[in-house]
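Reader: I would like to learn how to read a model like this one, feature by feature. Could you walk me through it?

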Amino acid sequence: MVIPGVQLFFSYFKDLVGREVTVELKNDLAIRGTLHSVDQYLNIKLENTRVVDQDKYPHMVKPNSFFYFFPPSRLSVRNCFIRGSVVRYVQLPPEGVDVELLHDATRREARGG
Amino acid sequence: MATGLRLVTERAGSGAGQPVFDTGNDEELMLVQPGVSIVLGNRPPEFPGTLYISNKQIVWLSDTDREKGYAVNFVSVSLHAVSRDPESYSSPCIYTQVIDTLIETGTDDDDDESENSDSEGTEILNLSKITEMRLVPSDPNQLDTLFATFCQCAELNPDPVEALQGEEEVGHNWVFSADQLEDDEGGHNWVFSADQLEDDEGTEDEDQDSTHAIGANGNHDLAHSVVQLQINDQRFEDAEEMGQYDKNGAN
């Protein structure tokens, strides 16, 4: 499974190490933590991990037929490893986003492809 | 290809035995942890058992019942973590989520026994419905080692990569600064800090430019595009008139 532009995202995520991110998985679970590291498969390691309260962010819960939906159990963990292939979104800290740079890079990525 | 959690009934050796590993296919045992109970979904813990971690899968075997064992491949483990929150679970444990990619649209979320209603009570469990698994070592000091081993093995089992049309296989050909990591796992580069991105003494391959800069794109030579742009720019520089200017040059 190859995601076009993965190289771009890998580069981008590397710069976010140490920042708070929220990772939304394909099974609708949202996990927040400090980005500890990321690798070329976009596997993500988080520290100070906690589960995002789904009720607070109802817009993030979508019907997902691909993965079996399970009621989120309360989970408080410190260190967490997330497989790259199950990540749906990574929410970034606003101060961590250089929108211009990202737009530029994605445009170039799209052209070059 | 079996994905998700599955039942293990085959064992090697006598007594409690050991899992049968596919040594012919480079499967090797990484860690054995006795005294581990396993908790599947919301079921009660099963104990006593021994955890075997190979470079491809996790296997738990009951110490007392040779017919009882469970296994899951690392490619099916979507996340794993150390859980020490007593409200989440009474004992510190490794928490994992399991994905079963065989479950696609059309499968109802009805109930657990939907496919096994003729089984004796709840003995036969539909393992493919299990999405959470906890491994509780009797010695909580082992948790960090277990977590680290899980990480290592997860990294050894990336999803199969297919080549894009017209592009080289992506996934393990990425090159970035060689001094980023002294780390063990060859070919597996974790970046822990932005400092590690400081540059660029390490790129050996001319073909594969350092890709850590945003916008750099593997096989595409951006330098050419930049040069062309500069050429065009010169023409614009001379054009002070507000009106149209010739594409062929104002001079």
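Author: A few conventions come before that. This is a predicted model, in which local features need pLDDT of at least 70, side-chain atom pairs count only at pLDDT 80 or more, and totals for chains, interfaces and linings use all residues. Residues are numbered from 1 along each chain as its sequence is written, chains are lettered from A and ligands numbered from 1 in the order in which they are written, and side-chain values use heavy atoms, leaving out hydrogens and water.

Reader: What average pLDDT does chain A have?

Author: pLDDT is the predictor's confidence in each residue, from 0 to 100. Where it is low, the predicted coordinates should not be read in detail. Chain A averages 72, and 70% of its residues score at least 70. Over residues 56-75 of chain A, pLDDT stays under 50. For that stretch the model has 49 contacts (heavy atoms within 4.5 Å) beyond four places in sequence.

Reader: How many helices and strands are there in chain B?

Author: Both are DSSP runs numbered from the N terminus: helices are H or I with at least four residues, strands are E with at least two. Chain B has 2 helices and 9 strands, and from the N terminus on its elements run β-β-β-β-β-β-β-β-β-α-α.

Reader: In what order do the strands of the open sheet in chain B stand?

Author: Strands of a sheet pair through backbone hydrogen bonds, either parallel or antiparallel. The criterion for pairing is that DSSP finds at least two bridges between the two strands. In chain B, 5 strands form an open sheet in the order S1-S6-S5-S4-S2, with antiparallel pairing. Strands S1 (6-7) and S2 (29-33) of chain B stand at the edges with a single partner strand each, so one side of each has no neighbour in the sheet. Further in, S5 (residues 57-62) and S6 (residues 69-73) of chain B are joined by 5 bridges; B:Ile58, for instance, has B:Val72 in S6(B) as its bridge partner.

Reader: Which strands pair with S9(B)?

Author: Strand S3 (residues 36-40) of chain B pairs with S9(B) in the antiparallel sense over 5 bridges, and B:Ser37 stands opposite B:Val136 there. Strand S8 (residues 93-98) of chain B is also an antiparallel partner of S9(B), over 4 bridges, with B:Ile94 opposite B:Leu135.

Reader: Are the residues of S9(B) buried or exposed?

Author: Buried means under 20% relative accessible area, exposed over 50%, and partly exposed in between (1.4 Å probe, protein chains only). In a regular strand the side chains alternate between the two faces of the sheet. In strand S9 (residues 132-137) of chain B, 6 of the 6 residues are buried. B:Glu132, B:Arg134 and B:Val136 point one way, while B:Met133, B:Leu135 and B:Pro137 point the other way. In chain A, helix H1 (residues 6-14) is mostly covered, with 8 of its 9 residues buried; among them are A:Leu8, A:Phe10 and A:Phe13. By contrast with these, B:Asp22, in the loop between S1 and S2 of chain B, is partly exposed at 39%. For chain B as a whole, buried residues make up 42% of the 251 residues.

Reader: How many aromatic pairs does the structure hold?

Author: A pair of aromatic rings is described by the distance of the centres and the angle of the planes. Rings of Phe, Tyr and Trp (its six-membered ring) pair if their centres lie within 6.5 Å; planes under 30 degrees apart count as stacked, over 60 as edge-to-face and the rest as tilted. The structure holds 2 such pairs over all chains. B:Trp60 and B:Tyr70 have ring centres 5.9 Å apart and planes at 20°, so this pair is stacked. B:Trp60 lies in S5 and B:Tyr70 in S6 of chain B, so the pair ties together parts 10 residues apart in sequence. B:Trp60 is buried at 1% relative accessibility, and B:Tyr70 is buried at 6%. B:Phe74 and B:Phe150 have centres 5.8 Å apart and planes at 85°, so they are edge-to-face. This pair links distant parts of the chain, 76 residues apart: B:Phe74 is in the loop between S6 and S7 (77-83), and B:Phe150 is in helix H1 (residues 143-155) of chain B.
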